[in-house]
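Subject: Structure for your files

Hello,

Here is the structure I said I would pass on. My notes on it follow below.

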Amino acid sequence: MQAQEKIIGEWTGKNIVITGGSKGIGLAIVESFIKSSGKVWYLSRTEALSQNELETTAAAAGGAVSWIKTDMSDEASITEALKIVLDE
């Protein structure tokens, strides 16, 4: 666990983009990084069922989390998602 805390600590206050963050390993990564007081965007076709919980956890840590509907097999969808991230 110490190695994970060290890695996440290095991202404190940073902007983080995670692909496939609505379930499985991607969601676990989102859940870890939202505790770093940064801004986390997760890109996926579906929103995490725990979105409200993710937002509450991120806010408590002084950060934020947002979902951007993205089809990672579609270049236009990826481009649009990254524009959203860069504009915020």
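Along the sequence, the protein chain follows the pattern α-β-α-β-α-β-α, that is, 4 helices and 3 strands. Helices (H or I, at least four residues) and strands (E, at least two) are DSSP runs, numbered from the N terminus.

This is a predicted model, in which local features need pLDDT of at least 70 and side-chain atom pairs count only at pLDDT 80 or more, while totals for chains, interfaces and linings use all residues. Residues are numbered from 1 along each chain as its sequence is written, and side-chain values use heavy atoms, with hydrogens and water left out.

The sheet

The 3 strands form an open sheet in the order β1-β2-β3, with parallel pairing; two strands pair if DSSP finds at least two bridges between them. β1 and β3 stand at the edges with a single partner strand each, so one side of each has no neighbour in the sheet. The twist averages 20° from one strand to the next.

Strand β2 (residues 39–44) and strand β3 (residues 64–69) are joined by 6 bridges. Between them the chain passes through helix α3 (residues 51–60), and this β-α-β crossover is right-handed (with the strands pointing away from the viewer, the path from the first strand over the helix to the second runs clockwise). Y42 has W67 in β3 as its bridge partner, and L43 stands opposite I68 in β3.

Helix α4 (residues 75–87) lies across β1, β2 and β3 and runs at about 155° to β3. Axes are lines fitted to C-alpha atoms, for helices over the stretch in contact, and angles run from 0 to 180 degrees between N-to-C directions.

The interior

Of the 88 residues in the protein chain, 36% are buried (under 20% relative accessible area, 1.4 Å probe, protein chains only). A nonpolar core here is a set of buried Ala, Val, Leu, Ile, Met, Phe, Trp, Tyr and Cys residues joined through side-chain atoms within 4.5 Å.

The largest such core has 12 residues, including I16, I18, V30, Y42, L54 and V65. β1 (15–19), α2 (24–33), β2 and α3 each give it two or more residues, and α2 gives the most, with 3. Another core, of 5 residues, lies apart from it, and W41, I68, A81 and V85 are among its members.

Leaving aside neighbours within four places in sequence, V30 is in contact (heavy atoms within 4.5 Å) with I18, G21, V40, Y42, L54 and V65.

Regards

Note on methods. Buried < 20%, exposed > 50% of the residue type's maximum accessible area, 1.4 Å probe, protein only.
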